[in-house]
Amino acid sequence: MIKINNISLSYGEEVVLDNLSCDIPKGQSICFWGPSGSGKSSLLKLLMGFEIPSSGKIIIDDILLSEENINEIRKKIGWIPQNINLPVNNTTELINLLYLDKEQQKKFRFYSNKLELDNNLLKKDFHEISGGQKQRIVIAAVLSLDKPVLLMDEPTSALDTESVDNLINLILKNKTLTVISASHDKKWANANDLILHLDQ
Amino acid sequence: MKAIANIDTIHLIIGYSILIIPLIIFWYFKIKLTKTTIIAVVRMSIQLLLVALYLEYIFKLNNAYINILWVLVMIGVGISTTIKRASLKPKYFIIPLVLALFSSLVLIDAFFLGIVLKLKYVFEARYFIPISGMILGNAMNYNIVGLNSYFEGLIKEENLYYFLLVNTNDNKNALLPFIGKSIKKALSPLIGTMTVMGLIALPGMMTGQILGGSPPATAIKYQILIAVAIFSGGSLNLTLSIIFSNLFVFDKFGRLNRKIIKK
């Protein structure tokens, strides 16, 4: 269970989030929905300790997000950023950077298969493949880490309709994962168990 | 072996006149380097003149405390130059860089002067000062390149750092690609220089020793040891500088303070 209790966040005088609360039960998916600048990505950053709230608290599986507990919290989180233009040249480099062990590499092949990434494509340099293919590789790599909570920022931004369907089946229908995403994509948002509307 | 040909003042001035070549190149291609070059040459000449006077005096005294003080002054100047040229903010970097440079120098000096050269008195001015100076000067240059690449890389490729920080849940794993890239960038030129040393370039120290009357075999042995000392000292100093700096530039959430670099 993830509890967001009365969270507020400001950048200088600009209030991004004001006294926001919500509970996300284990195995559920929630999509933060709202216009640009409504604080969707900031909320994800708060959950990973990249932003510090001006007030309120976040509790993940009974652990309070704090300086002391940040490593415990991050152990549970897999993160798929919006900007998939990571300065990484190919799949092997990505796997090495994430220190995937043999078991995790097996899982990577499983998820790659589910996301329709064939071996030839996985051997290519990232500059030779499309943004959507790269995004699916990053998703497969993060899924193979087997973390119970998955945070995703605009996970479908570079994907075609068929790939979005695959991703919904693979991630949102997997009830062992708690999925928290920020998205503009209606199809993706509607496939979540919960939608949290954020206003500007 | 014949004594080295002396350079009198007139011929020293004639020697300077060769600088007309780069100055004409700058003027012809409208490259704004004339003023900087003149300042650099004047500074170099004054600094070396002063060093010659100091060293003559210091060598005569050969006092450990004065020699150590001299090296400490070199460390201070080296650190302030590194911070300035790598565009870093002093308040975050003075302590880590002093600690890194000081510990690297102590270790490398102790090893080469004490163990390899078997000096009974490691603070012997004619060994301690020039060898420390060569290690310091080179270590400073590698640090400028390495630290600049490391922190600029972290700021520019912040998304990779945060991606790895969360997904590997390990600060060290998240920093490894940046540390590797920085050390590679800083040390590659010296690896290249060592590869061709003696073939297409005769190192300054060896040439100086030969001109000063040392047999080439001795000069070469010193040159090899100096190259190894410079490489080891430079890599140790850069690695320690990064490790110690990391304690000052990240908060407890692993977030990088973006204000560490001057815009």
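Strand E1 (residues 2-11) of chain A pairs with E2(A) in the antiparallel sense, over seven bridges. Strands here are DSSP runs (E, at least two residues), as helices are (H or I, at least four), both numbered from the N terminus; two strands pair if DSSP finds at least two bridges between them. This is a predicted model, with local features needing pLDDT of at least 70 and side-chain atom pairs counting only at pLDDT 80 or more, while totals for chains, interfaces and linings use all residues. Residues are numbered from 1 along each chain as its sequence is written, with chains lettered from A and ligands numbered from 1 in the order in which they are written.

Back on the sheet, Leu9(A) sits opposite Leu17(A) in E2(A). The open sheet of chain A is built from four strands, in the order E2-E1-E4-E5, and the pairing is antiparallel. Strand E2 (14-24) and strand E5 (63-64) of chain A are its edges, each pairing on one side only.

Helix H1 (residues 40-48) of chain A is mostly covered, with eight of its nine residues buried (20 or more other C-beta atoms within 10 Å of the residue's own; exposed means 12 or fewer, partly exposed in between, with C-beta atoms placed from the backbone). Among the buried ones are Leu43(A), Leu44(A), Leu46(A), Leu47(A) and Met48(A), but also Lys40(A) and Lys45(A). Just past H1(A), Gly49(A) adopts a positive phi of about 80 degrees.

Leu47(A) turns up again in the largest nonpolar core, which has 98 residues; such a core is a set of buried Ala, Val, Leu, Ile, Met, Phe, Trp, Tyr and Cys residues joined through C-beta atoms within 7 Å. Also among the residues with the most contacts inside this core are Trp79(A), Ala140(A) and Ile135(B). Helix H6 (residues 125-156) of chain B gives the core its largest share, 14 residues.

As for the two chains, 15 residues of chain B are in contact with 20 residues of chain A (C-beta atoms, placed from the backbone, within 7 Å). On the chain B side, helix H7 (158-168) and helix H8 (171-196) each supply at least two residues, and H7(B) brings the largest share, eight. That side divides into seven nonpolar, five polar and three charged residues, where Ala, Val, Leu, Ile, Met, Phe, Trp, Tyr, Cys and Pro count as nonpolar, Asp, Glu, Lys and Arg as charged, and the others, Gly among them, as polar.
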